[in-house]
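User: I am new to reading protein models. Please walk me through this one.
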Amino acid sequence: MQLIEAYGTGMKKIMGAYANALVQPKIKTTNNAFKIILPNVNFTPKAAEVHKDFEKAADLALDSNEEKVLQFLREHLMITRKETQTLLEVSQSTAGRILKAMVDSGRIKQIGGSRTTRYELRKE
């Protein structure tokens, strides 16, 4: 179908496009994926202020969701991803991201894996 030019050329082109830019792309990796964050080279200070306000609102929402999960854990001792999804009224992937962030920050711990994964408060 000739949908690509050549294998492996995309990253080289992206990095080349940012060669003279003040900000560079960031690459974040996990065990099974990678994410590349492409800075907006058309950035203006006013847009940055709006972006900061948006980030603050997103952080507050995440904190609020994390607090709901922590409150649930104080009352029920364990929670699953599905219960988190229902509790927070979010998608499966969002519930998973919130739980992963909480595990990564040390607020909760993961027990088991796959379909039997549960989460509980980390004991100090």
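User: In what order do the elements of the protein chain run from the N terminus on?

Analyst: This is a predicted model, where local features need pLDDT of at least 70, side-chain atom pairs count only at pLDDT 80 or more, and totals for chains, interfaces and linings use all residues. Residues are numbered from 1 along each chain as its sequence is written, and side-chain values use heavy atoms, leaving out hydrogens and water. The chain has four helices and five strands (DSSP runs numbered from the N terminus: helices are H or I, at least four residues; strands are E, at least two). The order is α-β-β-α-β-α-α-β-β.

User: How are H3 and H4 set to each other: roughly parallel or roughly perpendicular?

Analyst: Two packed helices are described by the angle between their axes and the distance between the axes. Here the axes (lines fitted to C-alpha atoms over the stretch in contact, with angles from 0 to 180 degrees between N-to-C directions) of H3 (residues 81-88) and H4 (residues 92-104) come within 9 Å and cross at roughly 105°. Angles of 65 to 115 degrees count as roughly perpendicular. So H3 and H4 are roughly perpendicular.

User: Is Met11 buried or partly exposed?

Analyst: Met11 sits in helix H1 (residues 10-17). Buried means under 20% relative accessible area, exposed over 50%, and partly exposed in between (1.4 Å probe, protein chains only). Met11 has a relative accessible area of 31%, so Met11 is partly exposed.

User: What percentage of the 124 residues is buried?

Analyst: The count covers the protein chain, with its 124 residues. The buried share is 17%.

Notes
Parallel < 35°, antiparallel > 145°, perpendicular 65-115°, else oblique.
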